[in-house]
Amino acid sequence: MNMIRVVGSRTRAAIIRSRRITGPAPDVIAELVAEIGPLWHERHQAVLTSRPRRRAVGAGAKYKLVFVDRLLATLVHLRHATTHDVLAC
């Protein structure tokens with residue numbers, strides 16, 4: 001089973017500081033988190049409350065990425081996956 005590890009604060013800070021990894025500057029990433037984070041959280045909570053519970057509280061996957069980590073993973077993928085798309089063509 002492949003589990004996603006939660007990124008530590010030092011690792012997250014290093015990724016944010018390196019424009020070669022993510023692309024945008026750290027202040028742009030901070031603006032994205034401040035602007036999109038609350039909207040994502042509201043939508044996520046709405047999805048969770050809209051469906052009936054199928055498992056007991058505390059059951060299920062234990063390792064979830066927080067919004068900031070999801071945003072960083074998306075930025076890294078968008079920055080570096082272009083070469084894979086070009087090679088696939």
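This is a predicted model: local features need pLDDT of at least 70, side-chain atom pairs count only at pLDDT 80 or more; totals for chains, interfaces and linings use all residues.

Trainee: What makes Arg55 count as exposed?

Mentor: The cut-off for exposed is over 50%. Arg55 has 56%, so Arg55 counts as exposed.

Trainee: Where is the place of Arg55 in the chain?

Mentor: In a loop. That loop runs between helix H3 (26-50) and helix H4 (67-80).

Trainee: And which residues form the positive surface patch?

Mentor: Arg55 is one of them.

Trainee: Switching topic. How many aromatic pairs does the structure hold?

Mentor: The structure holds 1 aromatic pair. Trp40 and Phe67 form that pair. The centres are 5.5 Å apart, with 35° between the planes, and the pair is tilted.

Trainee: Which parts does the pair tie together?

Mentor: Trp40 lies in helix H3 and Phe67 in helix H4, so the pair links parts 27 residues apart in sequence.

Trainee: Is Phe67 buried or exposed?

Mentor: Buried. Phe67 has 14% relative accessibility, and the cut-off for buried is under 20%. Trp40 has a relative accessible area of 23%, so Trp40 is partly exposed.

Trainee: Now the whole chain. How many helices and strands are there?

Mentor: The chain has 5 helices and 0 strands. From the N terminus, the order reads α-α-α-α-α.

Trainee: What share of the residues counts as buried?

Mentor: The chain has 89 residues, and 16% of them count as buried.

Methods:
Residues are numbered from 1 along each chain as its sequence is written. Side-chain values use heavy atoms; hydrogens and water are left out. Patches are made of residues with over 30% relative accessible area and no salt bridge: like charges are joined within 9 Å, nonpolar side chains (Val, Leu, Ile, Met, Phe, Trp, Tyr) within 5 Å. Accessible areas come from the Shrake-Rupley method with a 1.4 Å probe; for residues, only the protein chains shown count as cover. A salt bridge is a side-chain nitrogen of Lys or Arg within 4 Å of a carboxyl oxygen of Asp or Glu. Lys and Arg count as positive and Asp and Glu as negative; His and the chain ends are not counted. The place of a charge is taken as NZ of Lys, CZ of Arg, CG of Asp or CD of Glu. Helices (H or I, at least four residues) and strands (E, at least two) are DSSP runs, numbered from the N terminus. Buried means under 20% relative accessible area, exposed over 50%, partly exposed in between (1.4 Å probe, protein chains only). Rings of Phe, Tyr and Trp (its six-membered ring) pair if their centres lie within 6.5 Å; planes under 30 degrees apart count as stacked, over 60 as edge-to-face and the rest as tilted.
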